[in-house]
Amino acid sequence: MADLLLEIFSEEIPARMQKRAAADLKKLVTDGMVEAGITYESAAAFATPRRLCLSVVGVLEESPTLREERKGPRVDAPEKAIAGFLRGAGLTLDDLTVRDDKKGQFYVAVIEKPGRMASDVIGEVVEATIRRFPWPKSMRWGAGTLRWVRPIHSILSILSKEEGAEIVPFDIDGIVSGDTTEGHRFMGSGRFSVTSFEDYEAKLKAAGVILNAEDRAETIWADATNLAFAQGFEVVEDAGLLAEVAGLVEWPVVLIGDIAEDFMGLPPEVLQTSMREHQKFFSVRNPKSGRIEKFITVANRETADHGATILAGNQKVLFARLSDAKFFWENDLRVSLDDMAAKLKNVTFHNKLGTQAERISRITALAREIAPMVGADADMAEQAAKIAKADLSSEMVYEFPELQGLMGRYYAQAAGLPQEVANACELHYSPLGPSDVVPSEPVSVAVALADKIDTLTGFWAIDEKPTGSKDPFALRRAALGVIRLILDNEVRVSLSEIFMRRIARYEGERLGRKTGEVITEFSAVLENLDASVNVEKFREDYFNDKRPNQNSEATRSLLESIGEKKVNLLAFFHDRLKVYLKVQGVTHDVIDACLAMPNNDDLTLLVNRANALQAFVKTDDGENLLQGYKRANNILAAEEKKDGVSYEGEPELKFAEADAEKALFAALDVEEKAISTAIETEDFAAAMAALANLRAPIDAFFDGVQVNAEAQIVRRNRLCLLNRIRVVMHKVAIFSALNG
Amino acid sequence: MNTEFAGKPTSFQEIILRLQNYWASKGCAILQPYDMEVGAGTFHPATTLRCLGPKPWAAAYVQPSRRPTDGRYGDNPNRLQHFYQYQVIIKPSPPDLQALYLGSLEAIGIDMDLHDIRFVEDDWESPTLGAWGLGWEVWCDGMEVSQFTYFQQVGGQDCNPVSGELTCGLERLAMYVLGVDHVMDMPFNDPQSPTHLSYGDIFLQTEQEYSRWNFDVADADKLLKSFEDAEAECARILAAPITDPKTGRDIIMVHPAYDQAIKASHMFNLLDARGVISVTERQAYIGRVRALTKSCADAFIQTKAGTL
């Protein structure tokens, strides 16, 4: 057994690539070894800014000899066949042995593959690894042919055994492997040789390099929090930044500094973003004032003046950076939000969907339309929608795109706009993910809905739907956002109607752009598409005052296409809703039973019904009632098929003979009324309670009554009674969709 | 290295002189600035064209650079619409280029024992030059002092061998070394000299003048016309027959054509500062300048300087 130590020493590796590169190095080298029969016990990989390192413990020094027996042709086979076999095996006739079987004698080749030395295998594997290493970006340097993330300076490659270490010899494009490396660029002193991983790690540490990135991150975080704590401050957590900074240093030294008073007027998010993005500084908060007042920087070395020069330099850079941020902030404050919004006329949103300004005007109209449905003031929703994206043209957002929305809020506040309008600037992007907070202020809700619905209908209109894993415009997220906005705020809205009008408007705009013509003979076609569409409103929106043209074939196909897109978009919403509700414990069959009911584009109604039904089917009554329903359904289906008629007529009490039968008539009369009232008032719990009351009479009916009675009139009446059970229950949900 | 300069430098010009001496001692040809308006030292044909083709090359020079959108009327402590870049370009990139670079920092008085020098990933791309490379921005105590790039492609051509390029904004570097907080306060010549001049004495007024002109007064229509003229002239020059009818010699006029590409690029920068270029148009303009540089690069590798 031996231990392998491999180090590829290069110029500075980008911090973001180090972790992945260490893992890739480990996988490629160990896979290559194992493939060649060189097994090992364990392996670990490390990265610093200047090196990738792999330590493999318990490496087999020589791969085992492999013995293979290959069955050949019979001894009396044609010469050609035997010659071919010999060629394939790389042997001569003398090397073959002859064996017997039932059919006679045949040749056998015994091929021995001798074991290979680990060092030979490793040399080849390392070269192959370096030549096909999956860097996200790689480069050439000098006049060489190698590609690596940055120029390679040396490769250390040793196998250490009890009797000592030996170099695994190889030469890759002129780089000859050795047993030496260097420490820290400034704190180390020249090259040194190593004999094992332990020796390597210890000598590196003495030369100013902490090999393990996790150790570096831990040191940084512990020192940073201690330094801040000692001054009564706290470090703002930022795991991404911590990992990045750990990849920028080999010997972290944490320093704390002050932010000049001049910049305390800047929003804290601006301070934080500027410091993180440009300087890789951590923000340090004063818990008393809640403000960011200090910063933490991580140097890569110790100095004689304990970092005083380094800190002073960093502080000066920060001053310049924040001066810039202040310049942007003050410039932006001088521009009105309306003027900012006007600049968006020159910014393309999507080449088929027009400019940002056009998009905003669509969102504004829609926000106004949605406002009354969410309890928002229409004028205020309009005002908010008009300026909600204005900050996209601000200097600050140009510099820091991640501050979009937030800057809008600050600028709206500074302009003295109503708080609801300012909030909408920030919150209309929400919710961004499944766990993001859903806005509840009506103005924000109106603009957030309008923004997302405009995006969705727009991309549906131009047929840019998400497919498989591809969703470049985050349309699934937008749909989930709409769903959560509607459900959390119990918004009542017919999505079909809105989708129809929006998609029609997009199509109208496109057509108008293309031909300058308007469409005719549309209403009949339109009415056939979906009964819930508000035709008058559609007509008004779509035509304004223009005269229709005569091209009825084009009209028909256009309207069909609008209708298909609308139906498709609603189906997309229903799919997203199923995924969302499943997490909340509503099963797919329950949703399907509710989706089959009318007004399924009203998501609040749909989900209220589904929740009530889900609760009901879990109860004893619910389960039994479902069994009764299925039984009724099965009997009906079988008899209807046999008789070739459908028993949809009204059953009559006068033909009822048994008591249980009469009782069911009575119960259905009572509960049907109760259900109708409950459904009218959308009291689904009451509807389920009424259904529960049917369980006992239905059970009793099946227990005591023979449906297929001798007398045809009685039988027919009973089948119609079963049908009535189905009809009454379908007023609540389509129970046939339920499993059970 | 010239021993005349010992200890810390005292002026902006001393830093420039020290850099010139240092890189001369390392074997670079010390060139003079290119006599056209450019946005960066990379535009100098000593870099853009000479990094193409197989011939070894080593040059260093100061290049006055103009970035109209960065004008701040001389108010910002270190943002200027006109500044100086120091540029070193060596082909093929030597294995000790990082060490050579650190030596240049020592030469201008940066004490390697007190400062924190870092190489932070920064891949360089110039859409107008059709060029890209991998490298770093070099930080000294958190301050970006240089750009360090291994050119992979320029003018759409693969760089083979690869050139190593070092670029730095001289004002920012000098301010740092001299401990000056505002660029306008920086001593330009020796503060002990009878007529001592600060950076502001020389450039404050011009920064104000150019900021106003760049942002508000430049005639956008004339700039646009000038852009189009340069574009047309570049194409016309390269379309000329290789053999000069007068002398009978084969002369590909790469540099005159490239001058027109530089000019178009600067006109684009001025138009941009005037705020008359929309986002969609922007890409189109950049593409037009890139087409010019690309055609110059294609022509250069047909010339003597661009082949073995």
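Tutor: Buried area is the accessible area, taken with a 1.4 Å probe, that two parts lose on being put together, summed over both. The model under discussion is predicted. In these terms, chain A and chain B bury about 3600 Å² between them, and 52% of that area lies on carbon and sulfur atoms. The contact involves 45 residues of chain A and 43 residues of chain B. On the side of chain A, Arg140(A), Arg150(A) and Phe186(A) supply 17% of the area buried against chain B, more than any other three residues.

As to secondary structure, four elements of chain A each supply at least two residues of the side that touches chain B: helix 1 (15-35), helix 7 (268-279), strand 16 (292-299) and helix 8 (308-334). Helix 8 of chain A gives the most, with 11 residues. By residue class, this side of chain A divides into 19 nonpolar, 13 polar and 13 charged residues.

Strand 13 pairs with strand 15 (residues 282-285) of chain A in the antiparallel sense over 2 bridges. Here Glu234(A) stands opposite Arg285(A) of strand 15.

A contact within chain B may be set beside the one between the chains. Chain B is divided into domain 1 (12-212) and domain 2 (219-300), and the C-alpha centres of these domains lie 25 Å apart. Their contact takes 20 residues from domain 1 of chain B and 21 residues from domain 2 of chain B. These domains bury about 1800 Å² between them, 71% of it on carbon and sulfur atoms. Leu49(B), Pro68(B) and Thr128(B) supply 31% of the area that domain 1 buries against domain 2, more than any other three residues. Between the two domains of chain B the count of salt bridges is 0, while 6 residue pairs are in polar contact, both members at pLDDT 80 or more. The side of domain 1 that touches domain 2 in chain B divides into 11 nonpolar, 6 polar and 3 charged residues.

Note on methods:
Residues numbered from 1 in each chain as written. Chains lettered and ligands numbered in written order. Predicted model: local features only at pLDDT ≥ 70, side-chain atom pairs only at ≥ 80, totals over all residues. Heavy atoms only, no water. Domains from an automatic or database assignment. Contact = heavy atoms within 4.5 Å. Salt bridge = Lys/Arg side-chain N within 4 Å of Asp/Glu carboxyl O. Polar contact = N/O pair within 3.5 Å; in protein donor to acceptor, adjacent residues only side chain to side chain. Nonpolar A, V, L, I, M, F, W, Y, C, P; charged D, E, K, R; others polar. Pairing = 2+ DSSP bridges.
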